[in-house]
Amino acid sequence: MSEATVTSAVAEALGGLRRAFPEAQIAETSDASGGLFVIIEPIQLGPEFSPKSTWLGMHLSPLLPDADTYPLYIGGGVTRADGSPITDTAIQSVAWQSRSALQLSRRSTRHDAAVSTPALKAGNVIAWFRSL
Amino acid sequence: MDEPTWTLRIPAPVRAELWSHLFPGDGEEHGAVVLAGVAQTGDGPCLLAREILIARDGTDYVPGKLGYRALSPDFVRLAAVRARDRGLAYLAVHCHGGADHVAFSGTDLNSHIRGYPALLDITRQPVGALVAARNALAGELWLPGGEIRALAETRVIGEPIEWLHSEPPLTPSVAVAGYDRQVRVFGDRGQELLSHTTVAIVGLGGLGSIVAEYLGRLGVGRFVLVDGDRIHTANLPRMIAARRSDAAFGSLAERLGLAWPIARRKTALAARNIKRANPNASITIFNSGIEDPRAAMAAAACDYIMLAADSALARHVVNAIVQQYFVPGIEAGVKVRSSNDGTVEDIHVAIRALMPGQSCLWCAELINATQLALETTPERERQAAKYIPDVPAPAVITLNGIAAGEATTRFLFATVGLTSGLPSQALLRFPRGPELKRQTVSARPDCRWCGRTSDSNLGRGDSRELPVLRRGAGR
């Protein structure tokens, strides 16, 4: 998808994600309103999880930077390596962009358009998931 | 073809800062530069005064070689470069004595001829001059295309709205017929102002339908109506003059499981009511949300916005229009809070003035960034995300009537000049008892919408895109 059809803020956010995840491939799909669906792959979850790496998805709203980036998604097959359940009220199994996914519904309580970038949000949510 | 009429809009706090510099009480001449965004409004091109560069006496405002005083060359250069770099119009302003009449002197006009061609080359933006008396303002604009235009009118956006001209406008020679009783409150001039005012109403549900009726009855002359919904049977108890037939066929289709969109549009009902009240009213309809680019730009060309929709998206777009285009507005709403067992715990009616350069809806924390993200997620993804659909909010016509009455009265007083004292920004009324709260929230200086920083969207007009949703982009 050509970045020329997205808003400048979405293009900037995409650039931030590329810098935050330099080793990953980022697939983009237009939402037909100036935003993007992006899938970043691979992201590392660590040996506590199976698989150790998965993909991370999100919708970059055309109203960035004022809009939050919410929710985020990872591969639906992610479990703990020791078999124990991953349970949290913010996690539910869904289908997203034709993929089986875990939806991670972590709201930003103090969204600041100047600093709360999708890249920062992605890092925070991954860190939270790893801490479960 | 008529030549375009240039006007100036200046937020009340910006005008207050400028006037305190120009008229400190010493009777002397003082100067400054105003940097302004540019916008195309329904009435023609408009300058949006967003920044003041104060010229300090003796340093930046010095004895002139030909005139009494002048801006120093260094100050002019600094201001011109700033105008160029920020894409803003450059307006040099100074003051004269007197109160209700003001005009450029011959010396002033000659200084424009000497200096403005070069300033046009530097800034590549409109340049010009303003000369102020206590209650008057005149302006001359030099445009990049080579034209020179007089400033027709200045509007100070506050409560009340003030109009400044080079001399007092003529009083209307003919009273607007049929409004005798209300003209006794605010005069023929006020009625004339209403007839020439364009109001956008965003949200034509229960509350918005009452706002439309009231404004139509007041004699507001032009309307922009924005709502994408159709009337449902459940809406009928709250929609002014709605007939069962407005919703009946839609409800029938729903019962039969048909997708025929044949119920009447909420905008159509509001238009019908306005026309019944004021057959001379001009009405433009957008059967969409305010996030539609065409609806947003139409609202940005209005004189006032009444926000009667409570989505984060509607608030965000209207907030942006107010701050970016200096269109004043009022938000009105009713909140009924219930416990899990359905017991009503709290009812309050809230109206909030939306004024450029003053604490905006983001500063007041009335726009939720996460809700904004959800509302801009495409419907298919929202459904797949298994979000629990919103339960319809409790709503009662009498509560909507309180909100609509307060909001339209505040609009009326601000427009015809009846606002008295310094009103609080927001009014919360608790109808179950005597409680009344007034709120004024401090603006965040670094707010990207209402803040007076160089990067903010305040007064940027057409140079920046509004936060709209461009449907079909990328298909």
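Start by selecting B:Ala299. Leaving out neighbours within four places in sequence, B:Ala299 is in contact with B:Ala200, B:Val202, B:Val224, B:Val226, B:Ile290, B:Ile305 and B:Ile321 (in contact means that the C-beta atoms, placed from the backbone, lie within 7 Å).

A quick word on what you're looking at: this is a predicted model, where local features need pLDDT of at least 70 and side-chain atom pairs count only at pLDDT 80 or more, while totals for chains, interfaces and linings use all residues. Residues are numbered from 1 along each chain as its sequence is written, and chains are lettered from A and ligands numbered from 1 in the order in which they are written.

Now widen the selection. The largest nonpolar core has 170 residues, and B:Ala299 is listed with B:Ile201, B:Val202, B:Val211, B:Ile305, B:Met306 and B:Ile321 as having the most contacts inside it. (Such a core is a set of buried Ala, Val, Leu, Ile, Met, Phe, Trp, Tyr and Cys residues joined through C-beta atoms within 7 Å; buried means 20 or more other C-beta atoms within 10 Å of the residue's own, with C-beta atoms placed from the backbone.) Domain 1 (6-164) and domain 2 (187-229 + 265-463) of chain B both give residues to this core, so it lies between them. Those bounds come from an automatic or database domain assignment.

Next, colour the two domains of chain B. Their C-alpha centres lie 32 Å apart. The contact takes 23 residues from domain 1 of chain B and 26 residues from domain 2 of chain B. On the domain 1 side, β2(B) gives the most, with six residues (strands are DSSP runs of E, at least two residues; helices are runs of H or I, at least four; both are numbered from the N terminus).

Time to hop over to chain A. How many helices and strands does chain A have? Chain A has two helices and eight strands, in the order α-β-β-β-β-β-β-β-β-α along the sequence. Of the 132 residues in chain A, 39% are buried. Along its principal axes, the C-alpha trace of chain A spans about 45 × 30 × 25 Å.

Last stop: show both chains together. Their contact takes 28 residues from chain A and 22 residues from chain B.

How values were computed: Contact = placed C-beta atoms within 7 Å. Buried ≥ 20, exposed ≤ 12 C-beta atoms within 10 Å, placed from the backbone.
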